[in-house]
Amino acid sequence: MLLDLYNRPIYNLRISVTSKCNLKCFYCHSEGSLNKGNKEIDIDGIMMISQLAASYGVKTVKLTGGEPLYRKDIIEIVRSISSIKSFTEVSMVTNGQFLKEYSKQLRDAGLKRVNVSLPSLNSEKYKRITGGEIKKVLEGVKEAVKTGLNPVKLNMVLLKGINDDEVD
């Protein structure tokens, strides 16, 4: 069993599968990184880490990035990690831009739920914050719910004077 510095058991693993992202959120350190020089851990490395973590009692895996859905092999990654019997859940954090087209495949591969980064419900603010279009995200959220990725959680980075009026 893995323990943290306070002797609490560690049951959750986060794996950043890419640093690449298709958005340019100004609060993010990657700023829409699409550099071709970025090296990504391959699926064999991801599986080695996952199997090792499982052997130490880890129960859940959350895939993060950058934008995990930017990886061409993300369905295979989800399917492989989900095949580890001791894991009770595989989930993902996404910006939602590709969620509409991937929800069913992700669920069928074993993904249980998604957390969608959504810094604003106002389309103009969303574009100013991320550089992207909110319509694709909202369509993706609806598709994820319809597909059975449950729960679909929305994450909001609170930005004083920008989106803090949307909290209520």
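**Aromatic pairs and the sheet**

F98 is buried, with a relative accessible area of 17% (buried means under 20%, exposed over 50%, partly exposed in between; 1.4 Å probe, protein chains only). The model is predicted, so local features need pLDDT of at least 70, side-chain atom pairs count only at pLDDT 80 or more, and totals for chains, interfaces and linings use all residues. Residues are numbered from 1 along each chain as its sequence is written, and side-chain values use heavy atoms, without hydrogens and water.

The whole structure holds 2 aromatic pairs (rings of Phe, Tyr and the six-membered ring of Trp with centres within 6.5 Å; planes under 30 degrees apart are stacked, over 60 edge-to-face, the rest tilted). The rings of F26 and Y27 are edge-to-face, because their centres lie 6.4 Å apart and their planes meet at 80 degrees. F26 is partly exposed at 42%. Y27 is also partly exposed, at 28%. Y70 and F98 form a tilted pair, with 6.1 Å between centres and 40 degrees between planes. This pair links distant parts of the chain, 28 residues apart. Y70 sits in the loop between strand 2 (60-64) and helix 2 (74-82). F98 lies in the loop between strand 3 (89-94) and helix 3 (99-109). Helices (H or I, at least four residues) and strands (E, at least two) are DSSP runs, numbered from the N terminus. Y70 is partly exposed at 30%.

An open sheet has 5 strands in the order 1-2-3-4-5, with parallel pairing (strands pair if DSSP finds at least two bridges between them). Strand 1 (12-16) and strand 5 (152-155) are the edges, each pairing on one side only. Strand 3 and strand 4 (residues 113-117) pair over 4 bridges. V93 has N115 in strand 4 as its bridge partner.
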